Amino acid sequence: MDARRDDPDEVTVDDPPAKDPACDGAAVDVLIAGGGPAGCAAAIVCAAGGLRTVLVERADAPRDRPGEALHPGAEALLARLLPEGFESVVGARHEGITVGWGSEPRFEPFGSDEDGPWRGFQVDRRRLDGLLLDRARQAGAEVRMSCRVLEPLVEGGAVTGARTRGPGPGRAAVVRARTVIDATGRARWASRTLGPTGAGRARSPRLLIRYGYAVGACPVRDAAPAIVADHTGWTWTARVGAARYQWMRLDFVPEQRSRSWLPEEFAGLTPEGPARAADVTWRLCGAAAGPGWFVVGDAGALLDPASSHGVLRALLSGWTAGGLTVAVADGALDPHRAAVTYRRWLYEGAEHDIHNLAGMYATLGAQGFG
Ligand SMILES: Cc1cc2nc3c(=O)[nH]c(=O)nc-3n(C[C@H](O)[C@H](O)[C@H](O)COP(=O)(O)OP(=O)(O)OC[C@H]3O[C@@H](n4cnc5c(N)ncnc54)[C@H](O)[C@@H]3O)c2cc1C
């Protein structure tokens, strides 16, 4: 399977600039690259804080993508970011997950409080991302769809904006900004274009995850998602909509699987399109922030989905970077202090997650995680 071809987040960053770029040189307070959960959270916070905010997203519209099973912890944050409409993107809810981690699968609840059991939930990612983009616009951000960041502008060692292309073929611009936020997900725009400063290193063996969808009935999977793991890898199965199911398979050692492969549990279901693949090698961005720039979401810290809260981490990091950007603009915080604060927050959380996940894989006897 060709990961680059299958992975929608693989991006070529060295496209030649258009022949006659119409550089508008416009200056804004914040330029955000990427309109996923991390970029939108940052845009909402910055625009609501009164900053002139431009968000550029290379896709022409939000699209279906994995990342549909959300941890109960994401609900409070989403409710604050999306005061209206949030319930409309929520699908099935579940009170826990069936876990077979080198053992017989059993149901593990998330927990509970005086209001009852905590519940995770499935979201329609296309609609969630669309709602977040709308909210960013409503808060005052300018959202440019079909527009991608090319190379960053670096002056005196600081990132001061970026060259962009689109919307429309050949249309190029220079956007100067006091703060630049990289929220390009696994495309890792800043890391790839800033070279050694931002590169970071892989923190796991190369991990390729396969995933796909199937339709039909699988009653055993209707109450809660399941993750079943052994020394060869893990398989996730979940209901994501009415009569629609999702699977993911991560092999610790690369395994050839046909495009029509389905987990045993889904044997009676009909695959919906071919299987897809994504590179989810763990990565921590080498320089996740500096004075006037932040790297948020998957672009800053990436773990495979067994860490279970990629979307929550994306929202939180966008929210945090946005809040720090507003504090700097208000004169309440020095830009260096803001960068140090963000880096510490991101690295402590990510190192904690890496430690936990490596420990969980060690219990299975998987090699190379440490
Ligand atoms: C198979 C799989 C299953 C997953 N399942 C779950 C799950 O169940 N629960 C969970 O919480 N997480 C899950 N995750 C992780 C989750 O999808 C991510 O953590 C989350 O989407 C990260 O959000 P983000 O905003 O950082 O990046 P993204 O959501 O990837 O958004 C990045 C955006 O940047 C845009 N972009 C890229 N390059 C450029 C450019 N040069 N210019 C402009 N725009 C650009 C992209 O088009 C994209 O819209 C899963 C991931 C995978 C791969």
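Arg93 finds its bridge partner in strand 9, at Phe121. Here strands are DSSP runs of E with at least two residues and helices are runs of H or I with at least four, numbered from the N terminus. The model is a predicted one, so to speak of local features takes a pLDDT of at least 70, side-chain atom pairs count only at pLDDT 80 or more, and totals for chains, interfaces and linings use all residues. Residues are numbered from 1 along each chain as its sequence is written, and side-chain values rest on heavy atoms, with hydrogens and water left out.

Strand 4 (residues 90-94) and strand 9 run antiparallel and are joined by 3 bridges; two strands pair if DSSP finds at least two bridges between them. Strand 9 also pairs with strand 3, again in the antiparallel sense, over 2 bridges, and Ala69 has Gln122 of strand 9 as its bridge partner. Strand 9 (residues 120-123) is covered on both faces, with Gly120 and Gln122 buried on one side and Phe121 and Val123 buried on the other. Buried means under 20% relative accessible area, exposed means over 50%, and partly exposed lies in between (1.4 Å probe, protein chains only).

Ala69 turns up again at the ligand, where it is among the closest of the 36 surrounding residues, along with Ala38, Glu57, Arg65 and Asp298; a residue counts as near if one of its heavy atoms lies within 4 Å.

A backbone N or O atom of Val149 sits 3.0 Å from a ligand nitrogen, one of Gly310 is 3.2 Å from a ligand oxygen, and a polar backbone atom of Pro66 is 3.4 Å from an oxygen of the ligand. Taken alone, the ligand exposes 1000 Å², and the protein buries 96% of that (Shrake-Rupley areas with a 1.4 Å probe; for residues, only the protein chains shown count as cover). Elements giving two or more residues to the shell are helix 2 (37-48), strand 3 (69-70), strand 11 (148-155), strand 15 (208-215) and helix 6 (310-329). Helix 6 gives the most, with 3 residues.

In the loop between strand 23 and helix 6 lies Ser308. Ser308 has a positive phi of about 70° although it is not a glycine, and at 39% relative accessibility it is partly exposed. Arg188, another non-glycine with a positive phi, of about 45°, belongs to the loop between strand 13 and helix 5 (189-193). Arg188 is buried, at 13% relative accessible area.

The peptide bond from Gly166 to Pro167 is cis, with omega near -5°, and Pro167 is in the loop between strand 12 and strand 13 (172-182).

Key: Polar contact = N/O pair within 3.5 Å; in protein donor to acceptor, adjacent residues only side chain to side chain.
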